[in-house]
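Here is a short briefing for you on how parts of one protein chain meet. Take a look at the model first, then read on.

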Amino acid sequence: MGRTLQNTMINLGLQNACDEAVYQLGLDMEELEEIEEDAGLGNGGLGRLAACFLDSMATLGLAAYGYGIRYEYGIFNQKIRDGWQVEEADDWLRHGNPWEKARPEYMLPVHFYGRVEHSAAGAKWIDTQVVLALPYDTPVPGYMNNTVNTMRLWSARAPNDFNLRDFNVGDYIQAVLDRNLAENISRVLYPNDNFFEGKELRLKQEYFVVAATLQDIIRRFKASKFGSTDTVRTVFDSFPDQVAIQLNDTHPAMAIPELMRIFVDIEKLPWDKAWDLTKRTFAYTNHTVLPEALERWPVDLVEKLLPRHLQIIYEINQRHLDHIASLFPNDVDRLRRMSLIEEGGTKRINMAHLCIVGSHAVNGVAKIHSEIVKTQVFEDFAELEPEKFQNKTNGITPRRWLLLCNPGLAELIAEKIGEDYVRDLSQLTKLHEFVEDDLFIREVAKVKQENKVKFALYLEKEYKVKINPSSMFDVHVKRIHEYKRQLMNCLHIITMYNRIRRDPTKLFVPRTVIIGGKAAPGYHMAKMIIKLINAVAQVVNNDPMVGSKLKVIFLENYRVSLAEKVIPATDLSEQISTAGTEASGTGNMKFMLNGALTIGTMDGANVEMAEEAGEENLFIFGMRVEDVTELDRKGYNAHLYYDRLPELKQAVDQIRSGFFSPKEPNLFNDVINMLFHHDRFKVFADYEAYVKCQEKVSELYLNSKAWTKMVIRNIAAAGKFSSDRTIKEYARDIWHVEPSDLKIPAPNEPREAAQDKTPNGTAA
C-alpha cells in the first residue's frame, strides 16, 4: 500500500489546505510525509495491483472490501553491504499505525488440525485447534466523491484458554509463552515473488485469511435484508447475486472448499446447490505462467492441517473427473492432465486447477498473457469451457501514480485539457493536439528536468555520488528475477563501458543507469545478480576514462515510496523480460504515464502499450513469443551467440576472468555457468537486438525536441492503463455491478444534496 497520508489528502481534496496549515505552524509537509513508514504487505506487482484496485473501486463508488493479513513484519528492508543484499526485518508498526482501527467486536475463530467425524447428520470437523482472527480496518477513500471503503486486515490472536484447557496446567508459564505459536500466523510476509514455497506456516496463513474473511462475508450477508432468515435457516439462493469474491491468484484458493464446507456441513445445503452457489460466487485471476510459481500443496500437509477440506477437494475432483470422462471416454491422459490432484512422487493439489473448476470466470492480466493461459497453460480447461476465460488488462491508479508523485506534470496536463482526466484517463488522448506545440514541448521537458534534478539531489544525499542531471536516466526497477533479465541490462552496461574505453574521444550520450529491486532471500542467483551489478558499478563509477559519461547505481530498498521518487525522473524505462514470461507488468504503465520512453520486448502489457501509442513510439526489440517457442523447439545454444558476437564475448569474459571482482576471480562462476548451460530466459539470444535498440535510444536522446514529442505521444496514449478502466471491466463482465458517479454528500452537507448528480446505477 505504501504511505497513506498524501494519498488521503489528495483523494479528500485537502492537500493545499493541509500544506498551508502545516506551513503556518512552521513545518514542512514534505518533511512530515517522509516520516511515514511504507505499508509493505506484499511482494511486488501482485500486491501493488490490489492497492491500485482498492483506490479505483472506491473512486468508482463500488461497495468493495479488500481483505488480507496484517503482517507484523512486511517485506524485508534491503541493505546493500559490500555489494551484497542483506535483509533486515521491516518493523513497520514500531511507532504505531494511525490509519488502522482494531475491531475486536468482529473477532472470529479459525480452526486447524483435528479430525473429521461422519454420521447420518453429515460431516463434523472436531478436536481442532482454534486461533482468533482480529480485524483491523483501514479506510480507503475514493477520489473526491466522499466514498470511503474498507480494507480489513486480519491479525492472529491466541484464545485466552490457549494450551490451558488441556490438562497441562502443570506449566502455566510455558502455556502462556506458547501463545506465540498461534500468533505467529500473522507475524511475517513470505518474501517470494513468482516462486512457490510449500511451507506449513504459509498454508496456515492462506487458510487463516480465507476462513476469517468468509465468516465475515456470511455474517454481513445474514445481517442484510437479502439473507432473509426464515426463523430457522438463512436462504442462500441470492448469495451470488449479493456477493462476488475475486481470488487474487491462487493464494486464497482454499476459499473454494471452505465455502463448500460452510454451505454443506454447517448450513446443511445439498452438495449440488452448494456447488452452484460457490461457482457463481468466485472468480479467479491468474498472475503468472512460470511453473515454479504455481501453488501445488502436498496432500499430506493439507490432510494434517485441514482434514475436512481435503475430503471436499477430493469430492470436487471426483465429480469434475466424472464429468470429463463422460465427455471424453477412454482419454486417461486428459483426466491426468485436468485432475486437481497430481500423482507421481508426493501427491499434490494443483491450486490453479481448483480455482478454475470452482470459479465462473478466469482471467489473465494482459491480452498476450490471457492468450497464453487459454492456449498453453490451461488449454484443456479452455477447450471445455471457452466462455469462462477472459482478459482484464491491468492498470494503475492515476491518483498515486501521477497526481501524488508528479504534481508538475499533472498540473501541466490539467492546464491543457482540464482536470477531469484524473477520473477519466482516456481523456489524455486530447494531448495529441499539442504534440507540435513548441511551448508545451518545452514545458514537458522542463518538468522532467526538474524531477531529474530533484532525484539527483536525493541520490547525492543518499549515495554520495555526483549525478549529471542532463544524462539520460535509464531505469530498471522491479523484483530481481532471472526472467526479468536484469543480467541483460548488466551486459549492456559492460558493453557501453568497453566502448567508452575503446574510443574515449567518440561521442557518447551520457547515461545514469539505475537498477533497483529486492531478491527473495533464498534466491541465490538473484542475489548474485545484485552483487554483479554492484561490482560492475564499482569499476565503472571509479574509472577516470569514463568520468561523467556513464554512472551505475543500484537503488537500495526499492519500495512504493521510492518508486514515487524515481519514476517521475526517468527518461528510459526498461521492460525487457523474455517474451511470454511477464504476465502484464504495471511499472511499465507508471513510467509511460510519467513521461518516460520504453525499451522493451513484446511481452505483457508492453504489447498493448505499443498498440495504443504506435510501435514506432516505443523501442521494441527482440524475440516474440513465437520466436521463443521456435528456439525452444530447435534447442537454445548460448555458445552460438558468444562465438558470433565479439562485444558479448568480451563482456562475458570480463565477468568470468574476475575483471569486476579482482579479489575473487571466480565469484561469478555460477552466473556464467547459468548463462551458458541453463539459461531458461535466453539472455544471449536477445543481447544483440537489445544493444542495437539501445543505440537508437541514444540517437533520439540527442534530439531533445524529437524525444519530448515521443514522450507526449506516449502520455497521450496511456489512458487505457488506468485501473479505473480495469475495474469497470471486472464490474461489468465478472461481478455484474454498476459503478456509480454519485457523489455522496459530505457529512456537513444536507442529505438532499445527493440529488445533484443522478447515478448511472447502484453497486451491490
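Across the interface of domain 2 and domain 3, six residue pairs are in polar contact, with both residues at pLDDT 80 or more. A polar contact is a pair of N or O atoms within 3.5 Å; within protein, one must be able to donate a hydrogen and the other to accept it, and residues adjacent in sequence count only if both atoms are side-chain atoms. Please keep in mind that this is a predicted model, where local features need pLDDT of at least 70, side-chain atom pairs count only at pLDDT 80 or more, and totals for chains, interfaces and linings use all residues. Residues are numbered from 1 along each chain as its sequence is written, and side-chain values use heavy atoms, leaving out hydrogens and water.

**Where the domains are**
- The protein chain is assigned domain 1 (1–36), domain 2 (99–391) and domain 3 (464–704); such bounds come from an automatic or database domain assignment.
- Between the C-alpha centres of domain 2 and domain 3 there are 39 Å.

**How domain 2 meets domain 3**
- In domain 2, 16 residues are in contact with 20 residues of domain 3 (heavy atoms within 4.5 Å).
- About 1300 Å² is buried between domain 2 and domain 3, and carbon and sulfur atoms give 57% of this; buried area is the accessible area (1.4 Å probe) that two parts lose on being put together, summed over both.
- Of the area that domain 2 buries against domain 3, 34% comes from Asp-193, Leu-290 and Ile-368, more than from any other three residues.

**Charged partners**
- Two salt bridges are counted between domain 2 and domain 3 (a side-chain nitrogen of Lys or Arg within 4 Å of a carboxyl oxygen of Asp or Glu).
- Glu-611 and Lys-367 join their side chains in a salt bridge, at 3.0 Å from N to O.
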